[in-house]
Amino acid sequence: MFDPDIAPSGTLLGLLQRGRGDGTLHALAAPRAEALAALNDSVLRDPRRDWQVENRSLYYARLYMQLDGGLEEIERHLFHPDDLTDPGEERTGLALAVLGHLAAYGRDAALLLLRSYAAAGTNWRWALDELALRDDDAGLATLAPAVLARFPHTAEGDAELAAAVRDAFEPRPWRLWAEDPRYGERIRVAQEQGCFDRWQRQLRPTGPRPGWSVTEVLDWAQQGLELHPEEWRQVPAARCLAAVAGPEDRPELLRAARTGPDAARAAALRHLAERGDPEALDLIEAAAADPFSSRPLAEAALAAFERMRAVAAVERARRWAPRPDALGTAGATMLARRGSRGDADLVLAALRRTVRTEGPDAGGLWELVDGVGRLGVACAAPVLRHIYRETSSSHLRGRAAGALAVTDPGFPAGFAVECLWDCEESTRELAARHAATGDDRVVEQLRRLAADPAEEAEVQTAVRSRFGPDAPAL
């Protein structure tokens, strides 16, 4: 993750960067040159807080189609000299994904640009994956010489080729080239080597072995901190403890959870929490509230608390929730997931406190937003609207929209309408089920989504539910 430079939410650029439906609607109403400038800025400087999970590519590709935008800026970005010095996927991944969707919409220029970049660009693997989904066999066949030339006929080059074949997200090009007598033998050898590498890794595990004692598992967890970079192994170590620890080992585990070194302590805390040990809650509180605890240890302790399912954990959460610290957030999060209607005030107070102190992109908001929706806290609508408008996370905005659908009577005629153009398919699906059809744009967009082959099946199913024989007339 990284923190992108996000424009204010009231600007066209800010709306497009966030992937909001209003971004598309404002872009279509703005002067074309201004809209294209904001669109190119969003595509070429990836605005997502987490570029690996948030969706923007289809959203931007649709807008390029509606604005009849050219691809010159994308081409300059892909083949800029920075491509040779900055191999990170986040620099070019969004632009390549947009080109993939444009190619699927029939833009030949996008297809040709993807081929050119796959042949010469640093992030060629991403471009090749996009082509694997959209190009024909003849087009893919022309790329084989350029791609294979990246791997010299040396031991190191052959190993790199085997890794590329093994790790390919879309194997179609490699399978196609393996059938070509000019390259087939080399690629088949690489495929076999990749399979052999997987087998070797399975035969040489580096983790705990059968017969390890509790002490050995805890030592292995602690040894992860000696690596570069450090490895916090409390999660796999806790799974191992579940297999090797018996009732007679409880005193050792309690000692480790109370005074052990950080990684071993985290593993013991997680194991005791998952077993519902009666002392687990006090030990977690001690680790998380101690000002001398390291941040990773405190976070591991709270993560262990989140996995607890006992009634005692919910009762402890009620005690913690009013606190203005990480324990308070953890307690409110537990209540958001498992609390009763009587806990609504505590969850709402935590939501307001988190927004006020940490802003609309705070990591702790996700569960709290879901919680006020689950508990039906009607008076949460104002803060939910604020999060919806201001957050730069399209996933969190979708969560806020889901909570508003439950708590805000004005949602169907308000935010639900713009959500039909949102960048996240789950948000579009929500809107397809709730958007009021008094606005002609709603009916038109529902029909457009139903006919778009690039739209997700879940969204089209929701749209069809509005057009079915038992649905109200549109």
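**Salt bridges, helix packing and backbone geometry**

Arg-441 is partly exposed, with a relative accessible area of 39%. Asp-439 is also partly exposed, at 27%. Buried means under 20% relative accessible area, exposed means over 50%, and partly exposed lies in between (1.4 Å probe, protein chains only). The side chains of Asp-439 and Arg-441 meet in a salt bridge, 2.8 Å from N to O.

The model is predicted: local features need pLDDT of at least 70, side-chain atom pairs count only at pLDDT 80 or more, and totals for chains, interfaces and linings use all residues. Residues are numbered from 1 along each chain as its sequence is written, and side-chain values use heavy atoms, with hydrogens and water left out.

Side chains of opposite charge can pair when their charged atoms come close. A salt bridge is counted when a side-chain nitrogen of Lys or Arg lies within 4 Å of a carboxyl oxygen of Asp or Glu. The structure holds 35 of them. One of these joins Glu-231 to Arg-233, with the closest N and O atoms 3.2 Å apart. Glu-231 is partly exposed, at 37% relative accessibility. Arg-233 is buried, with 14%.

Another salt bridge pairs Asp-370 with Arg-399, where the closest N and O atoms are 2.5 Å apart. This pair links distant parts of the chain: Asp-370 sits in helix α24 (residues 365-374), Arg-399 sits in helix α26 (residues 394-407), and 29 residues separate them. Helices (H or I, at least four residues) are DSSP runs, numbered from the N terminus. Asp-370 is partly exposed, at 28% relative accessibility. Arg-399 is partly exposed as well, at 31%.

Helix α24 also has a buried side. Its buried residues include Leu-365, Leu-368, Val-369, Gly-371, Val-372 and Gly-373. Among the elements that cover them are α22 (326-338), α23 (344-358), α25 (381-390) and α26. Contact here means heavy atoms within 4.5 Å. Just after α24, Gly-376 takes a positive phi of about 65 degrees.

Aromatic rings were examined next. Rings of Phe, Tyr and Trp (its six-membered ring) pair if their centres lie within 6.5 Å; planes under 30 degrees apart count as stacked, over 60 as edge-to-face and the rest as tilted. This rule gives 7 aromatic pairs. Tyr-59 and Tyr-60 form an edge-to-face pair, 5.3 Å centre to centre, with 65 degrees between the planes. Both Tyr-59 and Tyr-60 are buried. Phe-305 and Trp-320 form a tilted pair, at 4.7 Å and 50 degrees. Phe-305 lies in helix α20 (residues 295-306) and Trp-320 in helix α21 (residues 311-320), so the pair ties together parts 15 residues apart in sequence. Phe-305 is buried, at 0% relative accessibility. Trp-320 is buried too, at 1%.

Most residues other than glycine have a negative phi, and most peptide bonds are trans. Asp-68 has a positive phi, near 50 degrees. This residue is placed in the loop between α4 (57-67) and α5 (72-78). Asp-68 counts as exposed, at 57% relative accessibility. A cis peptide bond joins His-228 and Pro-229, with omega about 0 degrees. Pro-229 is found in the loop between α15 (214-223) and α16 (234-244).

The domain assignment gives domain 1 (12-203) and domain 2 (210-308). Such bounds come from an automatic or database domain assignment. The centres of domain 1 and domain 2, taken over C-alpha atoms, are 42 Å apart.

Methods. Helix = DSSP H or I, 4+ residues; strand = E, 2+ residues; numbered from the N terminus.
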